[in-house]
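Me: Hey, I'm about to open a structure I've never seen before. Can you walk me through it?

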Amino acid sequence: MIGRHNETRATAILLAGRRDGATDPLALAHGVSHKCLVPVVGQPMLLHVIDALVANRRIGTVRVVIEDPNLLATIPALRGLLHNGRLVGVAAQPNLVDSVLAGAEGAAFPLLITTADNVMLTPDAIDEMLDGCATQGADAAVAFTRRASVLAAHPEGQRKFYTFADDGYSNCNTYWLCDRKALKAAETFRSGGQFVKHPGRIIGAFGLINLIRFRFGIGTLDQAFARFSRRFRMTISPVILTDGAVAIDVDNARSHGVASTLLDQRMSLAQAAE
């Protein structure tokens, strides 16, 4: 594996746009225009994610993909990052794939892709993801964590899991692409992703046989990704994160409450350690 001190820093793409341009119910409940601006323990949720990204020395520029990049300058904590070029705003596109492609335009590879609601992301989890990608020699990778890890973080952390023969898993909304050739894997999500909520989308993305295997939990997670790798003719790997909290993204009032509780606990522990 390439030593950390010598490896190329990854560009982070942070997806913060509104789905289909519509105002999210959580945003409406909190009186803000974008879900990414919903406050979580006192600050907009996207700021939690940006803090984790910029705190990791293996991440270079953070490119925030949002409908109106000027919104970023309205957050005082981001102005310094915008001024020094560590943070760059990119205009979101009508769908997820085109937004990823817009974020990747002119960016230095590899890419680490995540979402603005991924508020439990930590610098350590980013390191674990990057190390896993390097160890497996992946062209593209997806972060998961095990069901037991999620429930250990919080019993209401997630209610739906991807079930395989070896275990249940939750997606951590974190992805990695080695180079521009790997961008074709992004086409998987043109229909909107969220396969655990809409498994029919797997037909278009991965094929009917893979849908059947997914629905009936046939085979292990590694075996599923080996099939995906053959379909896309590249090495696509799952990376299993140890921190189950990273799978708890803020989608609704319930997960907002869970994330707020966990972040409060994390901040209290950090203060006690000082």
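This is a predicted model: local features need pLDDT of at least 70, side-chain atom pairs count only at pLDDT 80 or more; totals for chains, interfaces and linings use all residues.

Me: How many helices and strands does the chain have?

Reply: There are 10 helices and 10 strands. Helices (H or I, at least four residues) and strands (E, at least two) are DSSP runs, numbered from the N terminus.

Me: And what percentage of the residues count as buried?

Reply: 51% of the 274 residues. The accessible surface comes to about 12800 Å², and 54% of that belongs to carbon and sulfur atoms. Those areas come from the Shrake-Rupley method with a 1.4 Å probe, and for residues only the protein chains shown count as cover.

Me: Which strands join β9 by bridges?

Reply: Among them are β6, β7 and β8. Two strands pair if DSSP finds at least two bridges between them. β6 (residues 111–115) runs antiparallel to β9 with four bridges, and I113 stands opposite Y175 there. β7 (residues 140–146) is also antiparallel to β9, over six bridges, with R146 opposite Y169. β8 (residues 162–163) is joined to β9 by two bridges, again antiparallel, and Y162 stands opposite Y169.

Me: How many residues sit between β8 and β9 in their hairpin?

Reply: Four.

Me: Which residues does the cis peptide bond join?

Reply: F109 and P110, with omega at about 5 degrees. P110 lies in the loop between α4 (96–104) and β6.

Me: OK, what about the largest nonpolar core? How many residues does it have?

Reply: It has 55 residues, and L46, L53, V64 and M129 have the most contacts inside it. A nonpolar core is a set of buried Ala, Val, Leu, Ile, Met, Phe, Trp, Tyr and Cys residues joined through side-chain atoms within 4.5 Å.

Me: Which element gives the largest share of this core?

Reply: That's α2, with seven residues.

Me: What does M129 touch?

Reply: Leaving out residues up to four places away in sequence, its partners include L112, A141, V142, A143, T174, Y175 and W176. Contact means heavy atoms within 4.5 Å.

Me: Last topic: how many aromatic pairs does the structure hold?

Reply: Five. Rings of Phe, Tyr and Trp (its six-membered ring) pair if their centres lie within 6.5 Å; planes under 30 degrees apart count as stacked, over 60 as edge-to-face and the rest as tilted. In one of the pairs, F144 and Y169 have ring centres 6.3 Å apart and planes at 75 degrees, so they are edge-to-face. F144 is in strand β7 and Y169 in strand β9, so this pair ties together parts that are 25 residues apart in sequence.

Me: Are F144 and Y169 buried or exposed?

Reply: Buried: F144 has 5% relative accessibility, and Y169 has a relative accessible area of 2%.

Me: What about F225 and F228, how far apart are the ring centres?

Reply: They are 5.2 Å apart with planes at 65 degrees, so that pair is edge-to-face. F225 and F228 are three residues apart in helix α9 (residues 221–232), so about one helical turn separates them. F225 counts as buried at 6% relative accessibility, and F228 counts as buried at 11%.

Me: Which residues form the aromatic cluster?

Reply: F144, Y162, F164, Y169, F225 and F228 form one cluster.

Key: Residues are numbered from 1 along each chain as its sequence is written. Side-chain values use heavy atoms; hydrogens and water are left out. Buried means under 20% relative accessible area, exposed over 50%, partly exposed in between (1.4 Å probe, protein chains only).
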